Amino acid sequence: MGRPKLAVIGAGMVGATTAQRLAEKQLGDIVLTDIVEGMPQGKALDLMEAAPVEGYDATITGTDDIADIAGADLVVITAGLPRKPGMSRDDLLQKNAAIVGGLANAVGKHAPGAIVIVVTNPLDVMTHLVYRRTGFDSRRVMGMAGVLDSARFRAFIAMELGVSIKDVQAMVLGGHGDSMVPLPRYSTVSGVPITEMMSPERIAALVDRTRKGGAEIVALLKQGSAYYAPSAAVACMVESIIRDRKRILPAAVHLGGQYGLTDVFAGVPVKLGSDGVEEIIELELTDEELAALHESAEQVRKLVEKISAK
Ligand code: TXD
């Protein structure tokens, strides 16, 4: 029995950092691929040379040939273009849809048994595209956003209250972006809901900061976007799947009637294990929260129609 084969497509900031985290957690052998010649090979070699110091047993291979993902057990898709000045969200949507759509075909061909985690933005739309193009069972296709958004909310709660991050749990549902739905009622410090520990105004401020969490980092970095927390979130999902941990984590998954939503991807809590999305957890939501989740899903649906029209 060999080690699991993990493919990371796109060796940019999120992809390369994800490869590093997967290697350090010794979750399997890693194939890192990109279209830029030499770059994935260089980063993979660099990671191999870190192994003796860090002490991880993992083989990391860099390649420009997508066929090298052959037989992967798990694929992470981070490939895409960043938004450039003057480029509309629509332009970016169509460009990334072309890239991710092509990669989904390749995954279906070369790694037909894989579980796929999509990272490229716009997240929920790209995940739906991968689901359609690969034709994979919905349990094997998911998008990473909720773990990151919840982590940001958790960090802000811990910073605000001056408590250990270990005791802070949080739940953020919905789409990745302005329409995300943080759930303060389900966010706790050692089991105590934050609604009992903070004023509604402070909670609203932290919710707002969470919604704009990605933009806050972009504004500080001046170029590029976040990658430490995003790659940590991906590695957390991969670990739950590869080690069959069955953790309950929020992820963008295909809904089939849950929360009153059908054939759309939205961020909800799921159980992640060796079969992928093993269960979708239906939380009791207030009318307001449910409306926000539906609004978020509607926005995703519209964008999916836009790329389907092309
Ligand atoms: O929460 C989330 N889901 C996210 C999403 C959090 C952080 C970043 N998020 C999105 O991930 C971001 O908006 C981008 O769409 C992706 C990747 O972000 P990253 O910061 O890693 O972008 P980079 O550094 O530009 O890397 C993208 C790489 C780059 O090296 C390209 O050459 C490569 O993708 N690329 C390709 N690789 C393989 N195959 C093809 N076709 C291809 N096209 C571009």
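Residues are numbered from 1 along each chain as its sequence is written. In this predicted model, local features need pLDDT of at least 70 and side-chain atom pairs count only at pLDDT 80 or more, while totals for chains, interfaces and linings use all residues; side-chain values use heavy atoms, without hydrogens and water.

The domain assignment gives domain 1 (5-143) and domain 2 (146-308), with bounds from an automatic or database assignment. Their C-alpha centres are 22 Å apart. Contact (heavy atoms within 4.5 Å) joins 33 residues of domain 1 to 37 residues of domain 2. About 3,100 Å² is buried between the two domains, and carbon and sulfur atoms give 70% of this area. Buried area is the accessible area (1.4 Å probe) that two parts lose on being put together, summed over both. On the side of domain 1, Leu27, Asp124 and His128 lose the most area to domain 2, together 19% of what that side buries.

Both domains give residues to the shell around the ligand, so the ligand lies between them. Of the 23 residues around the ligand (a heavy atom within 4 Å), Met13, Val14, Asp34, Val119 and Met144 come nearest.

An oxygen atom of the ligand is 2.8 Å from a polar backbone atom of valine 14, and one is 3.3 Å from a polar backbone atom of glycine 80. For asparagine 121, the distance from a ligand oxygen to a side-chain N or O atom is 3.0 Å.

Definitions and conventions. Polar contact = N/O pair within 3.5 Å; in protein donor to acceptor, adjacent residues only side chain to side chain.
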